[in-house]
Amino acid sequence: MDIRRLQAFVKIIDIGSISRAADILNIAQPALSQQLASLETAFKQKLLIRSKMGVTPTTAGLELYRHSQTIIKQLDRAMTEISNGAGPLVGKVSVGLSPYSSGSTLSLALLKEVHEKLPGITLHLTESFDDIYSEMVMTGRLDMAVIHGAGPIKGVHFTPLMKEDFFLVAPESSSFTESLSSPVRLSDLTEAPLLLPPGYNFVRKRINMAFARKQITANIVAEVEALLTLQDAVAAGIGCTILPWSVASKIIVPGKSRVYELCSPVIQEDVSLCVPESIPETEAGLAVREILIDLAKNMVTSQNWPGTKITKT
């Protein structure tokens with residue numbers, strides 16, 4: 001099968017439009033449509049559903065998309081490694097970092113280490129609330145990701161890095177915080193105005209579970225993902241938030257907000273490194289993964305990150 005057909009198919013799915021994909025690929029739209037028809041004939045399956053809004057992959061189309069990503073990536077890696085021969089490690093390694101975890105804290109250290117030790121590797125770092133990193137790793141769009149959770153998820157492998165305790169971030173001076181002392185019991189937060197990430201966020205899910213176990217209804221006044229907005233909102237006294245230390249420590253404004261330990265219960269979440277099960281790792285990817293794991297271990301053992309513990313396996 002012509003690899004270019006698979007590359008074109010992937011581009012159609014990524015763009016969501018045959019006409020726009022044709023423009024980007026510099027192919028006439030009828031020719032691109034013919035390539036798609038040839039794929040559907042070869043697999044004896046309808047791969048795309050067309051509508052006025054664009055194209056949507058069928059179940060078979062999604063399966064072909066996943067395999068195509070793997071095939072294309074393997075070919076690119078083979079070209080790079082064979083061309084490079086026995087020279088220094090080269091290539092591109094993509095890493096997803098969950099914004100509300102220690103992953104975002106590790107990003108700068110990872111960038112520095114790779115730049116110094118592996119100068120031939122181009123590191124692609126991404127932090128996004130919208131993308132599901134485990135799916136991107138499984139389909140080959142990312143080489144690895146640091147995410148909340150410990151699996152299992154079919155198609156990916158999890159390596160536990162650490163556990164993170166969550167902390168309360170509250171205004172320095174307000175009627176609510178005057179009576180607070182650290183550690184704060186969850187039952188003390190029944191009236192506290194909370195600013196939390198949306199329900200699909202792993203941090204929010206853990207917080208919801210903790211409140212549910214205590215049979216407490218959280219007083220959520222707003223859902224906020226943007227950390228700068230969250231920082232300003234807490235400092236302005238609009239409400240409190242609950243975050244891992246690696247994130248909470250970044251949004252403190254001296255004299256306007258502070259961090260409190262939480263207890264009864266302690267809220268915590270696993271942080272893991274997620275890699276694909278079916279896509280072989282390149283030497284460059286393995287080297288970056290080793291650096292990332294070492295940085296995570298050093299972060300935990302340094303004692304500079306309260307509430308961060310080595311995950312027992």
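## Helix 1 against helix 3

Let's start with a pair of helices: helix 1 (residues 3-15) packs on helix 3 (residues 29-43) at an angle of about 105°, with the axes 10 Å apart. Helices here are DSSP runs of H or I with at least four residues, strands are E runs of at least two, and both are numbered from the N terminus. Axes are lines fitted to C-alpha atoms, for helices over the stretch in contact, and angles run from 0 to 180 degrees between N-to-C directions. The angle makes helix 1 roughly perpendicular to helix 3; angles of 65 to 115 degrees count as roughly perpendicular, under 35 as roughly parallel, over 145 as roughly antiparallel and the rest as oblique.

Helix 1 brings Arg4, Arg5, Leu6, Ala8, Phe9 and Ile12 to the contact, and helix 3 brings Leu32, Gln35, Leu36, Ser38 and Leu39. Contact means heavy atoms within 4.5 Å.

## About the model

This is a predicted model, in which local features need pLDDT of at least 70 and side-chain atom pairs count only at pLDDT 80 or more, while totals for chains, interfaces and linings use all residues. Residues are numbered from 1 along each chain as its sequence is written, and side-chain values use heavy atoms, leaving out hydrogens and water.

The protein chain has ten helices and 13 strands, and its C-alpha trace spans about 70 × 50 × 35 Å along the principal axes. Of its 313 residues, 46% are buried, meaning under 20% relative accessible area with a 1.4 Å probe, protein chains only (exposed is over 50%, partly exposed in between).

## Helix 5 against helix 10

Next, helix 5 (residues 102-117) packs on helix 10 (residues 283-301) at about 125°, with their axes 10 Å apart. That makes helix 5 oblique to helix 10. On the helix 5 side, the contact is made by Ser102, Thr105, Leu106, Ala109, Leu110, Glu113 and Val114, and on the helix 10 side by Val288, Ile291, Leu292, Leu295, Ala296 and Met299.

## Two nonpolar cores

A nonpolar core is a set of buried Ala, Val, Leu, Ile, Met, Phe, Trp, Tyr and Cys residues joined through side-chain atoms within 4.5 Å. The largest has 34 residues, and Leu168, Leu189, Phe211 and Ile242 touch the most other members. Strand 6 (156-171) and helix 7 (202-213) are among the elements that each supply at least two residues; strand 6 gives the most, with five.

Leaving aside residues up to four places away in sequence, Ile242 touches Phe166, Phe167, Leu168, Leu189, Leu196, Val203, Ile207, Phe211 and Leu262. A second, separate core has 26 residues, including Met144, Val271, Ala284 and Val300.
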